[in-house]
Structures are given as structure tokens and as C-alpha cells.
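Please look through the sequence and the structure shown here before reading on. The briefing that follows takes up backbone geometry, helix packing, the contact between the chains and confidence.

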Protein chains: 2
Amino acid sequence: MMKQIPPGPRGVWIAALTPMRADRSPDGQAFARHCRWLLDNGADGLAVLGTTGEANSFSVVERHLLLDALAEGGIPGHTLLPGVGCCAIPDTVELTKKALAVGSAGVVMLPPFYYKSVSDDGLFAAYSEVIERVGDSRLKVYFYHFPAMSNVPIGHDLIARLLKAYPATIAGIKDSSGDLVNMLAMCERFPGFGVFAGSEQFLLPVLRAGGAGCISASANVTIASCAAVFKAWQTPGADALQEGLTTQRLIIQARPLVPALKRITSERTGEAGWLNLRPPLAPLLDAEARKLFADLDKTGFVLPKAA
Amino acid sequence: MMKQIPPGPRGVWIAALTPMRADRSPDGQAFARHCRWLLDNGADGLAVLGTTGEANSFSVVERHLLLDALAEGGIPGHTLLPGVGCCAIPDTVELTKKALAVGSAGVVMLPPFYYKSVSDDGLFAAYSEVIERVGDSRLKVYFYHFPAMSNVPIGHDLIARLLKAYPATIAGIKDSSGDLVNMLAMCERFPGFGVFAGSEQFLLPVLRAGGAGCISASANVTIASCAAVFKAWQTPGADALQEGLTTQRLIIQARPLVPALKRITSERTGEAGWLNLRPPLAPLLDAEARKLFADLDKTGFVLPKAA
């Protein structure tokens, strides 16, 4: 059966890392350079300011500056799906308006994530209030389902209610649960809904189920292999490519993910600023980094070089 | 053995509720009136802008306005322990400076709570960075240990490290784990450290162990009974008073806590604004509220009247 292909963003989107200066202020120019490099190396788009981008470790003002830096650096708005979900609805509204102002393809929206065990009524009210306060017909909302981090899961019944209430606005989901069964069930239940796997490990099965692709952290460094899978996904060679990609992903995700990716990116660019992280994230130890590089070497992973 | 009594704030501190207007903007005047009523009815102080105060559902700017409203409403700074802990260190620094600017007795500081499974090194770096960026010898930090909500517990070894590094600044903890064993262990291990139980259920045992008292949400409505326990804690009648107080607490906490407390406070004041909550919190249903009041009635709970 031919699956319905969701409209809007598709393919391999990168949960882009955010570089910082030595004082841990965000480095907008290095950020734009990294995003340009990702687009030039096969990324279909950039899910900036997410978990990997340490977005919630930045103030709202700092997040404005980072989006401005991308615009100034020539990163086209239609390649962006910024993360905007904060605990406070006024902050989420403000960042969503900003994302629209820079021409973003849509936004990736965490639920308010401080309170736990909240009801679907409460989550419906939260998403409704943001959508109505933003009040912009261009808005495309991708839910961000990341139960291990937010501890506030986005269930299928909530999606169905919001799709019914805002059919032109609710566009899809980034599913970072690691649960392929959940991703496939959403592809089945919600035709035309853009399901992005939160890891390139699931890129091929999600595409085959009619999903949109993946939004991945480790694609900051595995982008070439991800792009190869997406290009070949309807060909007989796709499974072997996915298998190699999955091996790389599993090696990286066995480490603290953001510190590992920043370490690899520092090697690629030769820029020490990539080693900076905002607490509570902490850098990899040198021994951990050496073991990571050794494990990746065995897979034939070639550290991409700066453009 | 005579326990060492910790310096600084002691007794019954209230995790004050935050009233809102119909558009869910914070109502500073009603907030100051409520805080005044709490102080006039036995509260030793006010832990404003915490979980109960829906602080993380307000922007940083809105939290500034709420602290300003208390100053304008004549609430003395030394009766305040504002919550200041955000995911982003710049926000935590800004709110901590604001708390000092209004003369607060100290601050209650959540760890950055977006990332989970972070290391003690990362949490040590987070608290260090805030303390050093604030750079004010008046600062007194109370940790906020609330693993069920933040999912980022504050362990004893982390406390020991921070106490050693900042002995004049680290003042105590609000322990909302509900685990009395943990509270008593901290009283034992860290003499002079101000351990506040996160519920009045543990007020008496924590005082007897040399702790500071309690910082409680339900004390927004049980303040009279809490004050009676604190007044009598060294007398033979204390246990019976604590038992009655605990019964009331357990009835209230069997409901969604903030919605239940706002419903009761709306009854007390006759002010409908107290029914407003920011999503994702949702109001009690009328039937739930009737059952709550019926259960409290059986304990002899008398709804306090507005001053």
C-alpha cells in the first residue's frame, strides 16, 4: 500500500548543537557557521534550540540572539524548526512569535515540563493557549515527545484532540521516546501528520511507514550517513546503509550525548569553543573521548572535516 | 542531647499561592493581601514563587512584578524566601539578585531541572556559577529537593561539597521528597544546616531532630494548626496537635495540591480570581471540591475567614 507522504518538512533534520564562548555566552557566528556546514553536507533542515542545543539552559533573550545570528548568517528561515517550548506560556508564545518572524518552517514545542502527572485537559489548555495567543495562520506546531527528559509524555488521544481543534496548525511530532512502536502507531493513526523519529536509528522504518524522517542530535556528526539513507530509502541498498548508521548512533548515544557531540565537533572544526557546555551538562573526560573515537574508528566512521 | 538550632529562618513558612486575574496575569495586590493574611495568622515567613506559587509558569519579568508587589504591599523582605531556580542559569542569577534587592532572608533554589541523570559535577558547577555570578555576601541559599517534580535530586554528597566550598552561603534545604528518613539524616550529618520539611506532616519530628521547621503548600490553609504545633513543639501536647494537622494535610494532598488549595482560598476570601491556574494545572471539578470540603469538615477543620 502506498503511504500518504506528509506535507511540509521531510528528511534529515539536525537538532543543532549551540557553540559558546569561554564565558559560556552563546557564539552566534560559530552557530551560523555550523548550521551552514550541516546544510551543505546533506541536512534537509535544522531543529535548532532543542535539547541538543541546550535551549532551556539559555534565557529567552539569548535564544532571540541565536535566531537573529542565523538570519544574519544567511540561514534561510524555511530550513528552521526552532524549539520553543518553555515551562511558562508567555515565554513559549514569545519564542514562537520570534520563530515565525525569522520565517521558520514550524516550531518544535515541548509541553510545559515543570509539573508532572498533569492531565490531558491541562496539556490541551497549554497548547491551545499558546496557539491562540500567537494567533498566526502560518504557525505549524510539531509536538516534542521526550518522556525521559520532560517526564510529560504526549499521548495519542491528546494529539487527536489538538488535531481536531487546530487541523491547520498541528503539523507533526518529534518522537524522542526511542519507542519505534509508538512512532509507527502515530503514522498509522494520523495520516498526513509529520512523524519525525528522534533518532536516525529509526529513519528508514519511519519513512517506510509514511513518516516525515528524523530530527536527530547525533546527526550533527553523522549527517553524511543520514543523508545517504534518506537518498536511498526506496532502493534495495537502504537497509545496509541504515545498519551502518545505526551502529554509529548506538556508539555515540552510549555516552552523555551533548558532551560527546560537542567533543566530536570540536575535533572537526578545530574550535575549542565547542567544548563549552552550560551546567548541569559537563564535558567528557579525555579518556572517555579517546574511547569514543576508538569505538567510532572501528565502524569506519570518518570524522568529517570543516568546509 | 540538646540539638543545635540552625541560625536564620525557622518555624512555619508558607509556599504561598499566586493569585491571577481572569486573563491569568498575576494579581500582585491580591498576592500581597494573601501574604499579609498568612503573616497575621501565624506564618513565620513566606516561601513565595515556588512549586505551589506556579513560579515556573511565570516569565522572569512576571516574577519580578510579583516580588515588587510584595514590597509595595508592605511585606517585609526578611519574611521572604523566594524560589529562584530556573533551567537557565542567567534566569536564576537574575531572580536571585532580585530576591536580594527586596531584602529576602534567602532563596530557595531548584537545580536546573530540564536535563535528567546529570552528574554531581554538573550540579556543583550549576550552583557554583549562580553563587559566583551573584557575588553577594548576603546570599543564603536553600536547596530545593523535590525529586518527584524536578527529577533532579539533591544528594548528601553534593550538599557536603557545596557546604565546604560556600560555608557562609549554603544555608539549608527544603526537602519535598516526603522521605522523613532523608530529612533526619541531613539534620544529623549537617549540624546548623537549616532543614525544612516540605510538608507540615513532618514539622514536629524535624524540629525535634534539630531542623528548621517546614515550608509547606497546604499551610496556605492549615496555617493556624501549623502555628499551634510550632508554638507547642517542646510541650507534651505537641504530638496530639501534630496528629490532627497531619490528618488535614493528608486529606488535602490526596487531591491535585495547587488546584485544591486555590479552591479553598477562593472560599476563604470570596475572590473568584483564586480559581485561576496557569496550564498545565487545571481546576478541581465541583464534585471534587465538594468531597474535599466534606472530608475536611469531618476533621473539625474550620475554613478560616478573611481578615
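B:Pro280 sits in the loop that runs between α11 (257–269) and α12 (286–298) of chain B, where helices (H or I, at least four residues) and strands (E, at least two) are DSSP runs numbered from the N terminus. The peptide bond leading from B:Pro279 to B:Pro280 is cis, with omega near 20°. This is a predicted model, in which local features need pLDDT of at least 70 and side-chain atom pairs count only at pLDDT 80 or more, while totals for chains, interfaces and linings use all residues. Residues are numbered from 1 along each chain as its sequence is written, and chains are lettered from A and ligands numbered from 1 in the order in which they are written.

**Backbone geometry**

- Most residues other than glycine have a negative phi, and most peptide bonds are trans.
- In chain A, a cis peptide bond with omega of about 15° joins A:Pro279 and A:Pro280, and A:Pro280 is found in the loop between α11 (257–269) and α12 (286–298) of that chain.
- B:Arg24, although not a glycine, has a positive phi of about 65°, and its place is in the loop between β1 (11–14) and α1 (28–40) of chain B.
- B:Arg24 counts as partly exposed because it has 18 C-beta neighbours inside 10 Å; a residue is buried if 20 or more other C-beta atoms, placed from the backbone, lie within 10 Å of its own, exposed if 12 or fewer, and partly exposed in between.
- B:Asn151, in the loop between α5 and α6 (156–165) of chain B, has a positive phi near 60°, and with 19 C-beta neighbours inside 10 Å it counts as partly exposed.

**Helix packing in chain A**

- The axes of helix α4 (residues 120–134) and helix α6 (residues 156–165) of chain A come within 10 Å and cross at roughly 35°, where axes are lines fitted to C-alpha atoms over the stretch in contact and angles run from 0 to 180 degrees between N-to-C directions.
- The crossing of α4(A) and α6(A) is right-handed, a term used if the near helix is turned clockwise from the far one by less than a right angle, with left-handed for anticlockwise.
- In this contact, residues of α4(A) including A:Leu123, A:Phe124 and A:Tyr127 meet residues of α6(A), among them A:Leu158, A:Arg161 and A:Leu162; two residues are in contact if their C-beta atoms, placed from the backbone, lie within 7 Å.

**Contact between the chains**

- The contact takes 31 residues from chain B and 31 residues from chain A.
- On the side of chain B that touches chain A, α3 (89–101), α4 (120–134) and α5 (147–150) of chain B each supply at least two residues, and α4(B) gives the most, with six residues.
- Of the interface residues of chain B, 100% are also interface residues in chain A, so the copies meet through the same surface.

**Confidence**

- Chain A averages a pLDDT of 96, and 97% of the residues score at least 70; pLDDT is the predictor's confidence in each residue, from 0 to 100.
- The model scores ipTM 0.96 and pTM 0.97.
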